[in-house]
Amino acid sequence: MSPIESTAIVVAVTIALFAWNRLPVVVVAFAAALSLWATGVVTLEQALAGFGDRAVLFIASLFIVSAALEKTGVTAWAGQLLIAKAGENNRTRLLIIIMTAAGCLTALISGGGAVAALMPVVVMAAIRLRQSPSQLLMPLAFSAHAGANLLLTGAPKNILVSEALEDAGLPGFGFAEFALVGLPLLLGTMAIILLLGRRLLPEQSSARLPADFSRHAQTLVEHYGLVDGVFRLRVRASSPYVGMATADVDLAGVPRLELMAVQAGASAMPLRGPTVSEGDYLLVKGDAEAVASLATDKHLALRDDAADEGDSLFSRHSGLAEIVIPPRSALIGRAMFPGMVTDSGDLVVLAVQRAGVDLEPGDVLQAGDTMLLEGSWKALDLRLNDPDVLVVNSPDLVRRQAVPMGAGAGVAVAALAGLVLLLATGIVPPAVAGLTAACALIIAGIVSVEQSYRAINWTTVILVGAMMPLSTAMVQSGAAQLVADSLVALTGGAGPLVFLAGLFVLTASLGQIMSNTATTMLVIPIAMAAATSLGVSPRPIMMSLCIAGAASFLTPIATATNLMVMGPGGYSFGSYWKLGTPLMIWFFIMSVFYVPLIWRF
């Protein structure tokens with residue numbers, strides 16, 4: 001069996017197994033790579049080379065950057081901004097904002113970078129607006145494909161076709177010249193998705209999505225009956241509490257108020273120093289009117305980031321956590337009461353309940369009792385990792401959603417801005433830019449090495465790496481060249497428009513199983529030779545080729561962006577072609593009929 005026949009069989013079987021959707025996609029991808037090696041089409045080094053490819057490393061680094069943005073609350077802030085602009089339950093406006101942002105960002109950096117930055121924001125917006133992420137994530141990826149044609153920096157294929165013209169002694173495409181076709185491409189893509197997306201995309205996602213913790217503090221306050229509210233008051237320089245011993249701070253004489261704890265301003269932990277200082281906090285439970293009166297009389301300030309009673313307990317430095325007492329816990333038999341500081345000295349008990357009813361003073365804990373604790377995020381993460389308690393919701397997950405622009409947000413934003421700048425200017429290769437940003441975030445302590453490992457979607461990374469040998473086999477065996485030569489022979493004599501149509505079909509078809517960069521590199525010499533034989537300008541042919549290279553809509557393995565949204569969106573292999581088909585038709589129309597109107601033959 002010839003290498004071309006072996007490659008064709010492996011490609012056909014791989015596509016069939018992906019469409020069957022009964023085997024894990026990673027297993028299918030590995031089987032394809034090993035089959036190519038077993039049949040002798042590629043060497044073992046080539047079969048495994050994808051896992052060290054710079055594109056794979058770039059994608060992995062983007063997941064780390066995305067995790068840092070989520071952990072520091074940048075994603076929560078962006079999600080809130082997105083929801084505010086879109087409005088409640090306004091799917092059309094939300095989609096327009098998402099697709100516009102994806103298209104514009106892709107024009108400056110890669111589609112993978114744009115999707116990685118926007119995907120957690122889109123998922124969060126979908127959760128909070130009670131919409132299925134499957135209705136939003138594929139439009140995000142597909143609009144990134146269209147946005148890749150807005151500027152020269154949108155995708156490597158843009159640079160390849162421009163350099164091909166320059167190598168032939170012709171002027172290349174200008175930096176913004178792509179917008180002449182990229183802008184109508186993006187607008188048409190958005191219109192098709194808005195008109196057909198609801199019917200052609202799956203309504204429900206099979207992926208397990210995180211809970212919405214945006215109103216978590218208020219939910220806990222209401223559940224534990226803290227109807228009067230819990231407030232944190234900052235001690236001003238002019239307050240009489242400055243210099244007072246901690247034990248002397250007492251609100252017993254103030255009606256409708258109860259002092260729960262005095263906390264250090266820098267750490268939000270219970271104050272251990274001998275006296276109260278400016279910037280420390282009083283944690284007070286009581287009536288809002290009485291709290292306001294106390295703040296005025298004692299020169300105390302309500303926290304600036306307090307949006308309401310519940311949210312005043314969530315800040316960059318401190319938050320809440322709900323725990324359950326498990327059987328055989330060492331805490332069983334101990335008395336716990338509101339205002340008590342835990343043995344560790346850094347958490348405050350706000351409420352204790354049994355079956356939803358507050359415990360009476362003197363009652364001891366039993367298995368199944370619940371407690372509401374308040375303290376710094378660091379203390380919550382550290383102290384609740386204990387077998388004596390069960391945490392209802394991870395403080396880390398809660399903080400990511402409920403505290404916009406939290407600690408480290410500035411560093412995360414700076415890393416993202418640096419990544420965008422490096423990608424837009426092309427000073428270094430994309431893989432170097434991504435790894436530099438990821439390493440900077442780890443060195444700065446925004447994410448740990450272990451958190452970085454967990455942040456990477458290994459299914460996506462492995463799938464991309466395992467599928468790269470397929471592109472190598474297509475080129476190395478001569479299969480792709482054979483198809484391209486046959487197409488030129490069939491369509492070249494029928495005129496330039498027929499050739500453009502055949503060129504689009506060839507390029508777009510190969511682009512469903514090969515990277516658009518590899519596909520473009522393969523077809524460029526064929527297209528240039530055809531332009532010479534037809535006696536026409538190669539500029540419209542190169543631009544048409546560029547559009548066809550971006551029409552990767554029918555399979556999840558077509559591009560890294562398609563793969564990135566597959567898991568979070570809960571898509572199957574067959575989910576893509578439904579919406580992808582009308583978009584392919586639109587790209588075909590633009591490539592064959594619109595391009596010659598702008599760039600004449």
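A: The answer below starts with the sheet, moves to a residue in one of its strands, and ends with the helix pair.

The model is predicted. Its open sheet is built from 4 strands, and their order is β2-β3-β1-β4 with antiparallel pairing. At the edges are β2 and β4 (300-302), each of which pairs on one side only. From one strand to the next, the twist averages 35°.

The link between β1 and β4 can be given in more detail. Strand β1 covers residues 230-235 and runs antiparallel to β4, to which 3 bridges join it. Arg234 has Ala301 in β4 as its bridge partner. Helix α12, residues 288-297, packs on the sheet and touches β1, β2, β3 (281-286) and β4. The direction of α12 makes about 5° with that of β1.

Is Gln263 buried or exposed? Gln263 has a relative accessible area of 0%, and the cut-off for buried is under 20%, so Gln263 counts as buried. The side chain of Gln263 is joined to that of Glu374 by a polar contact of 2.6 Å.

Now the helix pair. Two packed helices are described by the angle between their axes and the distance between the axes. For α20 and α24 (residues 576-598), the angle is about 145° and the axes are 10 Å apart. The crossing of α20 with α24 is right-handed.

Which residues meet where α20 packs against α24? On the α20 side they are Leu497, Leu500, Ala501, Phe504 and Ala508. On the α24 side they are Met584, Phe587, Phe588, Ser591, Val592 and Pro596. By class, the residues of this contact are 10 nonpolar, 1 polar and no charged.

Helix α20 runs over residues 496-510 and also holds Leu506. The relative accessibility of Leu506 is 7%; the limit for buried is under 20%, and therefore Leu506 counts as buried. Between Leu506 and Gly549 there are 9.8 Å in space, C-alpha to C-alpha, although the two residues are 43 residues apart in sequence.

Gln263 is buried at 0%, and Leu506 is buried at 7%.

Technical notes
Residues numbered from 1 in each chain as written. Predicted model: local features only at pLDDT ≥ 70, side-chain atom pairs only at ≥ 80, totals over all residues. Heavy atoms only, no water. Helix = DSSP H or I, 4+ residues; strand = E, 2+ residues; numbered from the N terminus. Buried < 20%, exposed > 50% of the residue type's maximum accessible area, 1.4 Å probe, protein only. Polar contact = N/O pair within 3.5 Å; in protein donor to acceptor, adjacent residues only side chain to side chain. Pairing = 2+ DSSP bridges. Axes fitted to C-alpha atoms, helices over the stretch in contact; angles between N-to-C directions. Contact = heavy atoms within 4.5 Å. Left-handed = near helix turned anticlockwise from the far one by under 90°. Nonpolar A, V, L, I, M, F, W, Y, C, P; charged D, E, K, R; others polar.
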